[in-house]
Amino acid sequence: MLKIAVLDDEAIFYERVSRRLYLIYEKMHLAVDVDCYRSGRELMYEVDDGKYYDIYLLDIDLPDMSGIDLGRELRERSPYCYIIFLTAYPQYAIEGYSARAYQYILKDQWEQKLETTLSNIQKEINAQTEPSYRITVGPKLEKVPVKDIYYLYKDGKNVIFQTRSGRTSIRKTLSEVYEELPKEEFIYVDRSFIVNVQHVMKLKNKEIYMSNGEKVPVSKPQLERVKIEINAYWRSHI
């Protein structure tokens with residue numbers, strides 16, 4: 001569940017924002033918990049006491065402290081949070097980005113811009129939490145999203161990954177790599193091949209047709225098991 005803090009010294013405004021937030025995330029089919037604050041010190045007290053928020057919507061012109069200074073303090077405590085400034089004063093925009101704010105929205109435009117901003121944030125969050133496989137070869141470190149892997153195969157002492165961006169290899173056994181991959185999406189189809197079931201289009205004549213147009217061989221002893229596993233995946237995902 002996403003946690004969001006809204007800070008504004010006008011209760012009428014932060015209540016409107018809070019209601020709008022619940023509607024936006026309902027449309028995205030995501031659970032959200034929104035807390036509202038009227039002073040920066042109140043918010044900082046809760047944060048210092050261990051409260052965590054994924055997203056902060058902050059007014060800049062506060063009676064007890066600068067919203068910009070507050071944003072900097074929040075950034076120090078939580079480097080990966082998202083900070084959005086909602087204010088009536090455009091002259092603070094450049095200064096606001098010193099707190100590494102994600103967005104700066106004028107209050108007379110917030111209803112038009114907030115949903116797009118939060119949608120973009122969610123895309124970033126999804127990308128960060130997307131399952132991936134890390135490949136380390138010497139000084140090179142590469143993170144490959146699971147959904148971008150078509151298949152893997154053994155080549156001598158290496159495992160070759162066929163991905164959307166091409167081929168890359170790692171010095172491991174195929175069984176070692178298999179243990180590090182999500183089991184639901186990857187299946188052995190031969191002693192030397194593992195396929196990502198997300199990209200399987202059909203199985204015909206001991207060959208699997210992949211979404212990238214390539215074909216992967218299926219060994220005869222594995223054929224019946226492979227059919228069962230592909231059908232089981234399709235039933236639960238299609």
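Trainee: What makes Lys 107 count as buried or exposed in this predicted model?
Mentor: Its relative accessible area is 18%. Buried means under 20%. Lys 107 is therefore buried.

Trainee: Where does Lys 107 lie, and which residues is Lys 107 in contact with?
Mentor: Lys 107 sits in the loop between strand S5 (103-106) and helix H5 (110-129). Neighbours within four places in sequence are left aside. Lys 107 then contacts Asp 8, Phe 13, Asp 59, Leu 86, Thr 87 and Ala 88. Contact here means heavy atoms within 4.5 Å.

Trainee: Why is Asn 205 called exposed?
Mentor: The cut-off for exposed is over 50%. Asn 205 has 65% relative accessibility, so the label exposed applies.

Trainee: Why is Lys 206 called partly exposed?
Mentor: Buried is under 20%, exposed is over 50%, and partly exposed is in between. Lys 206 has a relative accessible area of 41%, so Lys 206 is partly exposed.

Trainee: Where are these two residues, and what is noted about phi?
Mentor: Asn 205 lies in the loop between strand S13 (200-204) and strand S14 (207-210). Lys 206 is in the loop between S13 and S14 too. Phi is near 50° for Asn 205, a positive value in a residue other than glycine. For Lys 206, also a residue other than glycine, phi is positive and near 60°.

Trainee: What makes strand S1 mostly covered?
Mentor: S1 spans residues 2-7, and five of its six residues are buried.

Trainee: How do you know that S1 pairs with S2 and S3?
Mentor: Pairing needs at least two bridges. Six bridges join S1 to strand S2 (residues 32-37), and these strands run parallel. Four bridges join S1 to strand S3 (residues 55-58), again parallel. Both pairs meet the cut-off, because it asks for at least two bridges. Val 6 stands opposite Cys 36 in S2 and opposite Leu 57 in S3.

Trainee: What is the hand of the crossover from S1 to S2?
Mentor: The chain crosses from S1 through helix H1 (residues 11-27) to S2. This β-α-β crossover is right-handed.

Trainee: Which residues make the contact, and what is the hand of the crossing?
Mentor: The crossing of H1 and H5 is right-handed. From H1 the contact includes Phe 13, Arg 16, Val 17 and Leu 21. From H5 it includes Trp 110, Glu 111, Leu 114 and Leu 118.

Trainee: What makes S10 and S11 edge strands?
Mentor: The open sheet of five strands has the order S10-S9-S8-S12-S11, with antiparallel pairing. Strand S10 (166-170) and strand S11 (186-190) each pair on one side only. From one strand to the next, the twist averages 25°.

Trainee: How do you know that S8 pairs with S9?
Mentor: Six bridges join S8 (residues 149-155) to S9 (residues 158-163). At least two are needed, so S8 and S9 count as paired. They run antiparallel, and Lys 154 stands opposite Val 159 in S9.

Key:
Residues are numbered from 1 along each chain as its sequence is written. This is a predicted model: local features need pLDDT of at least 70, side-chain atom pairs count only at pLDDT 80 or more; totals for chains, interfaces and linings use all residues. Side-chain values use heavy atoms; hydrogens and water are left out. Axes are lines fitted to C-alpha atoms, for helices over the stretch in contact, and angles run from 0 to 180 degrees between N-to-C directions. Buried means under 20% relative accessible area, exposed over 50%, partly exposed in between (1.4 Å probe, protein chains only). A crossover is right-handed if, with the strands pointing away from the viewer, the path from the first strand over the helix to the second runs clockwise. A crossing is left-handed if the near helix is turned anticlockwise from the far one by less than a right angle, and right-handed if clockwise.
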